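Trainee: I have a new model open and would like to talk it through with you. Could we start with the DNA side and then move on to the domains and cores?

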Amino acid sequence: MKRRRRGEDGNGGSGSAVSSDLPIHRVARDIVKAVSENESVVLVGETGSGKSTQLPQILADSKKFAVFPGAGICVTQPRRVAAVTIAQRVAFERGTKVGKEVGYAVRFEDETSRETKIKYATEGILLRESLSDSALSRYSIVILDEAHERTLNFDILLGMLKRIQRERRRRPGEGSRIRPLKLVVMSATLEAETFCEYLGCPKLDIPGRKFPVEAFYTFSPEQDYVEAAVCATFQLHDEEPDGDILLFLTGQEEIEAAEAMISEHARNRPSATKPLAVVMLYAAMPPETQLKAFRPAPEGTRKVILATNIAETSLTIDGVRYVIDPGFVKQRRYNPNTCSDSLSVVPISRAQVKQRAGRAGRQGPGKCFHLFPESEFFKLPRASAPEIKRTNLASTVLQMKALGIEDVAAFEFLEPPPKAALVRAFEQLLSLRALSSSGSISRDGRRMCGLPVDPTLAKVILTAHKLGCLDETLKVVSLLSVESVLHFSGKRKEEAHQAHLKFLHDGGDLLTLLRILTTFRNVKDRERAKWAKDNFVNARPLRKAWNIYNQLTNQVKYVADASEAGEENPDSMEDAVMKAMITGYFANAAQRTPDGAYKTLLSNQKVHIHPASVLFKKKPETVIFTELVQTSKLYARNVGVIDAGWLPELLPDLFVVGS
DNA sequence: GAGCACTGC
């Protein structure tokens, strides 16, 4: 590989720093001044500046702000692990227990109390809180961390907070509960200006503690970046001093291919050379296998971690000094015209290039090998499209309606979502009767909002209640809200497939998943890990599904009307569950065509059953599915068998008998 | 014939 050097600042810092020693303390006074003089402030700082742990403490300890329990500071994080671990760290620094002065709230876990002054929460939690406390009156300062990630919840929260600030300003006199709301947005460099402009507020830089990361580029673009990455791995291994290598790839398949190529190549090398220890890291992997990526490489070897984007922000691996970055990522994008998600490999943004390079400089100086020319770097988009531009908005629109935002299209978005996606969301909510024909939220819509699942699944739950199959349906719904339960091991694919056959239910994927969950729950606690391993099943999503099932069982009591509860039902439990599914997913009812594909009944769209479906070979006459993904074909996932007669029975306005 | 990453009163 030919390459050229260019200096580049990495980011990073040491986790073991003494807190008072962090760079942020050099500007603490400026920050306090800026926050006290302005309603909003944007803070720009790289990882390692200590902003997430120190800023809330600096503001809480300043006499300038009235921060006390009941009028505290809320710090949001995109990911739950971050909310939990940062809260633990801050509580430790202040010599208290989590849940007292410092606490956190994430789904299923609320470690806060009456004493809590600093609360870390996921963005989703704060958004949910605004549904019941529309002025967020229990906070005097809200800090939005990792703003540059631009998650969907962040974008909505920011818009909401701007409204709340205006509202609180308008009613300053109404006692201490309605004080002005201070907002601090913390972001990495690239997006800061956008936030300042939107909030009309100043920006402040926090110095970071950085180790330099030297950047290398290729002279020309690579034809096959997996092959190029494998070559780069060996070249680096031969030429560079000790230090582990982190290689970014886009998915499981690519990672397995690269692993095979590296092993193959390693066999043909002189035995005198230091061996490479290859580990893989992606989210769908069972956790015990994931842990291998974190263990130090065996003595006398160099570790190579083949990872997806999971290693870009979510997980940090010690010992990495070299990053190899082909410059691609697999990205999900919603297409409102086909109502499907596409999963495609796209070039990363400039911000991601920097983020990935920074992973080499977390513990010391590092090097990043970019597998594209430097000239290409400047052609990349500044930042990748925010989630609001590439996702289904039904759930968001319904939540906004519940928050009293009548005209969603006129909402002051940081960046507006695509018009087509908004229109599609309205159509979907109308068809689910979550909105009335005038566009206002209906009684059912409010109930659906009370359930922490997509509106479609919420509709399914409400129907299940009426059909008397609530308990089993809640389990199915929970299973549909978690990552993949079935694990497809790279090397033991056939074995995995055979193991999965044991749970096969003729009714399709949904009822098969239900059978797996039921079986899992019947296995003794201590034996579950082994059971999961033996059956090529992921235990984590099953545990999470059970948590969601319990949460939904609780929530549904508050939203479902007891008088509407169904009693006797002539249907079998399975039939009733599938009927409930139909009332949410009727747009995904499809009929087999002579060529073995399917056509959706309402929109006449050609789809194929996903190869991972238990119905892939069976191809029943009429099916319903929950997800449409465009990869090599338009694939229907989570497919279930239905009786064509059920459609007009349940939805006479949409389906005609005998059609 | 195939599964980026997150999140929810």
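**The DNA side, the domains and the cores**

Mentor: Keeping in mind that this is a predicted model, I would start with H4, which gives the most to the surface near DNA strand B, with 5 residues.

Trainee: Which other elements supply at least two residues there?

Mentor: Besides helix H4 (123-132), that surface takes at least two residues each from helix H3 (80-93), helix H8 (252-267) and strand S15 (328-335).

Trainee: Switching topic, how is chain A divided into domains?

Mentor: The assignment gives domain 1 (19-205), domain 2 (212-387), domain 3 (392-446) and domain 4 (450-650). The centres of domain 2 and domain 3 are separated by 39 Å, and their contact takes 5 residues from domain 2 and 6 residues from domain 3.

Trainee: What about the largest nonpolar core, which residues touch the most other members?

Mentor: Among its 80 residues, these are Leu 429, Ile 461, Val 477, Met 581, Ile 582, Val 623 and Ala 636. Because domain 3 (392-446) and domain 4 (450-650) both give residues to this core, it lies between them.

Trainee: What is Ile 582 in contact with?

Mentor: Leaving aside neighbours within four places in sequence, Ile 582 is in contact with Ala 589, Ile 624, Ile 642, Trp 646, Leu 647 and Leu 650. There is also a second, separate core of 55 residues, including Ala 105, Val 185, Phe 195 and Ile 206.

Technical notes: Residues are numbered from 1 along each chain as its sequence is written. Chains are lettered from A and ligands numbered from 1 in the order in which they are written. This is a predicted model: local features need pLDDT of at least 70, side-chain atom pairs count only at pLDDT 80 or more; totals for chains, interfaces and linings use all residues. Domain bounds come from an automatic or database domain assignment. Two residues are in contact if their C-beta atoms, placed from the backbone, lie within 7 Å. Helices (H or I, at least four residues) and strands (E, at least two) are DSSP runs, numbered from the N terminus. A nonpolar core is a set of buried Ala, Val, Leu, Ile, Met, Phe, Trp, Tyr and Cys residues joined through C-beta atoms within 7 Å. A residue is buried if 20 or more other C-beta atoms lie within 10 Å of its own, exposed if 12 or fewer, and partly exposed in between; C-beta atoms are placed from the backbone.
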